[in-house]
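Visitor: I would like to learn how to read a few features here. Shall we take them one at a time?

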Amino acid sequence: MMSTRPEIMVSVCCITYNHEQYIAGALDSFLMQQTNFEFEILIGEDCSKDGTRVVIQEYADRYPGRIRLVHHETNIGAIRNQVDVITKAKGKYIALCDGDDFWTDQRKLQKQVDFLEANPEYVICCHHTKVINEHDETVYLKENRVSMEFDYQDVLLGKREETRICSLMIRNIDAVRSVAQQSWYFDTYGTDTLFKLYALASTGKKIFVLPDVMACYRLHTGGIWSMIDSRIRKRRMVSDFNLTIRNFKYSGLMKKELLKIYIRQYFLFDLRNREINNAMNTIMNLL
């Protein structure tokens, strides 16, 4: 009688670039997971200039069938790397974590799967995280941690506390994977926020945040988003805001709230940097 491989419940999808000093910590945190189901680990390595690929290959050789290296011979960028890995995922659920972050709870995957299996009205399950620096020192940890939930309108209006990518587990369904067919998605900067927003919009479901602290999010000089120049970050946030209002639906009341957000957070920045046409186009789109 032929044996069949158990169905994969979770695909751990990790993207990495120049994370030689951090990637082993991420991989160890994936491998330590204690579950009553099968899970796979896919690592999208984007042609790093350091020894990141060597470290991953060593782990893949030691854990055949568990870790799969998805490597690129040329650098394709974080978004295409993410899409490439996600589209190769076989699991019912996808757990995301970048190569410079890591998990801290051995039952993280089990807790999130248990929640999503019992609560079909949610498409994403997250949890609280500790923010650390490159020396593993705590930068931020929320006190009085509680469960939270967010719907489409919440995320559209900027409410997404404790939903960092290293905490996110999402249902691996066609409505979510179809983000890869959206051309605007490849022009995003705060890609994880737009990814969550698209998942909510395409499914009509919600995000739930467990009260547990189960991961560390790292701030460091090589970070794609966290440590870039503040003016560049602000310009990218304006770009993402404009992508949002052009590609997502919202009611008249939400339009007014979005206009308030633009005026409060971005309008003066556009004026100071002589982005007058950009400012007027944004305002006209929201009037």
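Visitor: Which residue stands opposite Phe208 in E10?

Guide: Some ground rules come before the answer. This is a predicted model: local features need pLDDT of at least 70, side-chain atom pairs count only at pLDDT 80 or more, and totals for chains, interfaces and linings use all residues. Residues are numbered from 1 along each chain as its sequence is written, and side-chain values use heavy atoms, without hydrogens and water. Strands (E, at least two residues) and helices (H or I, at least four) are DSSP runs, numbered from the N terminus. Two strands pair if DSSP finds at least two bridges between them. Here, Glu149 stands opposite Phe208 in E10. Three bridges join E8 (residues 148–150) to E10, and the two run antiparallel.

Visitor: In which sense do strand E6 and E10 pair?

Guide: E6 (residues 122–132) pairs with E10 in the parallel sense, over nine bridges. Ile132 has Arg218 in E10 as its bridge partner.

Visitor: How many disulfides does a search of the whole structure find?

Guide: A disulfide is a pair of cysteine sulfur atoms within 2.5 Å. The search finds zero. The Cys97 sulfur is 5.5 Å from the closest cysteine sulfur, in Cys166, too far for a bond. For Cys13, the closest is in Cys14, at 9.1 Å, also too far.

Visitor: Is Cys97 buried or exposed?

Guide: Buried means under 20% relative accessible area, exposed over 50%, partly exposed in between (1.4 Å probe, protein chains only). Cys97 is buried, at 1%. Cys13 is buried too, at 4%. Met280, in helix H10, is partly exposed, at 42%.
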